[in-house]
Structures are given as C-alpha cells and as structure tokens.
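Here is a friendly briefing to read alongside the model.

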Amino acid sequence: MEIPVIDFSEFNGENRSKMMGLLHEACEKWGFFQVENHGIDKELMEKVKQLVNSHYEVNLKESFYESALAKSLNNGDNTSDIDWESTYFIWHRPKSNINEIPNLPQDFCKSMDEYITRLIKLAEKISELISENLGLEKDHIKDAFKGGRGPSVGTKVAKYPQCPQPELVRGLREHTDAGGIILLLQDDQVPGLEFFKDGEWVEIPPSKNNRIFINTGDQLEVLSNGRYKSALHRVMADKNGSRLSIATFYNPAGDAIISPAPKLLYPNSYSFQDYLKLYSTTKFMDKGPRFESMKKMANGHNGLYV
C-alpha cells in the first residue's frame, strides 16, 4: 500500500482542490498520512533528531539495558504487558516542563522549543484544513481544543532499542492515540511502526525527504462524529537497529469539553410520526434540509423546512 502524501505547497495553488480531496480521503480511509513541503527547516529537524539520539546514548542507553524490563526479556518472563522502549515526555503547552527533565543540554532545549513552535503552526494549519473538509468553520477544531488555556501540546520522545529477542516483545503494544492530531518525526533508517488498515498491518517506512508522519486520534473521531476514525497502530521491536520516534501530540486542553460537531450530527430524539409529517410534503426534495429541520424540532425550534 502506498501511504498518502500531502504536499503543503499545493494548498496555495491551482491544485488546492486536489490536495483537499487527498487529505479528506487520507483522514477518512486511512487515519494517517505523510506531509511534505511543510515549511519546517530540514536542518532544524535533523538537529533535533541528532540531539535526542546523543542524549539517549549518553544518559539512557546503559540504564535501559540494566533495567528490570530488559532483564525480564532475558529471563524469559511474560512480556505481554510491557513495551520495549526508552521514553520520556516533554510538555510544551500550556506550560513547559523541559527544564525539569534531567541532563538535557541547553542546546537541546532551545532547538526543541524552536521545532515545537513551528510544529504547532503546522498542526493548526492541518486542523483548519480538516475542519474545512468536514464543512465546519476553519477554527472549529482549534476552538474545540482550547478549553481554558489553549490546546495541550506535548512530545513523547522514544527510542526503541536494539532488541535481542524481538519475537518475544512489542516495541509498543497495539493502541489508538487518545488525543487529536499526532505529528511524528521518526527515524530515517530503522523501521518498526505499523498501522492496521483493511484487516492487515501496514509497515510504515522510515521517513525520507523531510517528511512528517501524521495520524489522527480518538478525539478527532468523536468530533467528526465517527467520520475520521483513529487508527490502531504498534511498534515492532528490531534486532538490527535502534529506532527513533519523536511524537508530538496536538490535543485538547484537559478541561476542553469534546463532543461531535453539531453540524455533523444526524437529527435525534424525534418521533417517526413527526418525520413522516414533514416527509409527506418534502418527499421529492433533498433529504439534507429535511434532516436539518428535524434537528431544529428536537432542539425546541419550529420545524419549518428551510
């Protein structure tokens, strides 16, 4: 399967409609896609990856292989409820904790902050395009996510270390993501990420050509009334390499109230008799306005067919 690629440079030209259609299909039928020409500097992305890898090698690698997790694999213990990963989480918005994480050099913090500032702009642009494709106001997702202090943004920094017995353990077990829009800066050499589509696991190749991998989470599925479903995915352990994953989550604020966009909901809580009454006079008209009238009736407004 060829994973959809969204070229952001096309949204400002004559191919915009084509790109909007491709984005809609990617969200509706895949739940994931890649973006290119997104405007984030390649040198900055490479620097962030290099700094994360260096930090792991110096501060985390040795302790990982000495951990109870690693020993449980070597001892032949049950590994069905563990993940073969070395990871930590950086909060960016509404409040950063990057200075509280041990052994992060100043250059690491500065480069990560610069990268995240640009990545948030990309996430906001994607949210606007998705809103447009759903027939909503362009700021609908941003407004739904903002709560009291704006959207919640954080990054899971992970290494999936070289594994001596990859057949016994997952790098990361099967799951869907809880949040909204996930933007992944991943390894350009070592594979391992897999998404479930049409009854089979699809291998996601290492990222090339400055591409960022995107997937949608549970909250976007709810907001879209099930139209854009979050996709099941996992990470496979690898015997020959150590995979890098820098996954940034553009999520609702903790106090944000999430519900399907009213515009996307079918009418509900009406009597079939009331529907038939309206249907009898509008049978040969489009059903869309009929549904909208039923929504208004259920909400206590008059049932005029407008």
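How many salt bridges does a search of the whole structure find? The search finds 19 of them. Please keep in mind that this is a predicted model.

**A salt bridge across the sequence**

- Aspartate 188 and lysine 49 meet through their side chains in a salt bridge, with 3.9 Å from N to O.
- Lysine 49 belongs to helix H2, while aspartate 188 sits in the loop between strand S6 (181-186) and S7, so the pair ties together parts that are 139 residues apart in sequence.

**The seven-stranded sheet**

- Seven strands form an open sheet in the order S1-S2-S9-S6-S11-S4-S3, and their pairing is mixed.
- Strand S1 (5-7) and S3 are at the edges with a single partner strand each, so one side of each has no neighbour in the sheet.
- From one strand to the next, the twist in this sheet averages 25 degrees.
- At the S1 end of the order, S1 pairs with strand S2 (residues 32-36) in the parallel sense, over three bridges.
- Within that pair, aspartate 7 stands opposite glutamate 36 in S2.

**The four-stranded sheet**

- Another open sheet has four strands, ordered S5-S10-S7-S8 and paired antiparallel.
- Its edge strands are S5 (170-175) and S8 (200-203), each of which pairs on one side only.
- Here, too, the average twist from one strand to the next is 25 degrees.
- Strand S7 (residues 193-197) and strand S10 (residues 233-236) are antiparallel partners over three bridges.
- Leucine 193 stands opposite valine 235 in S10.

**The annotated span**

- An unreviewed UniProt entry carries the annotation "domain: Fe2OG dioxygenase" for residues 151-252.
- In the model, the end C-alpha atoms of residues 151-252 lie 5 Å apart.
- This span is 47% strand and 6% helix.

**The largest pocket**

- The largest pocket holds about 200 Å³ of space.
- Its lining consists of 17 residues, and those nearest the pocket centre are Leu172, His175, His233, Ser245 and Ala247.
- Two or more lining residues come from each of S4, S5, S6, S7, S10 and strand S11 (243-251).
- Which element gives the most to this lining? That is S11, with four residues.
- By class, the pocket lining divides into 10 nonpolar, four polar and three charged residues.

**The cavity**

- A search of the whole structure turns up one cavity of 30 Å³ or more.
- The volume of the largest cavity is about 30 Å³.
- Val52, Tyr56, Leu60, Ser86, Tyr88, Val157, Ala158 and Lys159 line the largest cavity.
- Helix H2 (42-65), strand S3 (86-93) and strand S4 (152-160) each contribute at least two residues to the cavity lining.
- The cavity lining is made up of six nonpolar residues, one polar residue and one charged residue.

**Elements to revisit**

- Strand S11 stands between S6 and S4 in the order of the seven-stranded sheet, and S11 gives four residues to the pocket lining.

Conventions: Residues are numbered from 1 along each chain as its sequence is written. This is a predicted model: local features need pLDDT of at least 70, side-chain atom pairs count only at pLDDT 80 or more; totals for chains, interfaces and linings use all residues. Side-chain values use heavy atoms; hydrogens and water are left out. Two strands pair if DSSP finds at least two bridges between them. Axes are lines fitted to C-alpha atoms, for helices over the stretch in contact, and angles run from 0 to 180 degrees between N-to-C directions. On a 1 Å grid over the protein atoms alone, a cavity is a set of points where a 1.4 Å probe fits but cannot get out, and a pocket is an open set with protein on both sides within 12 Å along at least five of seven lines; lining residues have an atom within 4 Å of a point. Grid points are joined across faces, edges and corners, and a volume is the space filled by probe spheres set on the points. Ala, Val, Leu, Ile, Met, Phe, Trp, Tyr, Cys and Pro count as nonpolar, Asp, Glu, Lys and Arg as charged, and the others, Gly among them, as polar. UniProt positions are given in the numbering used here, feature names are shortened, and annotations may be inferred rather than shown by experiment. A salt bridge is a side-chain nitrogen of Lys or Arg within 4 Å of a carboxyl oxygen of Asp or Glu.
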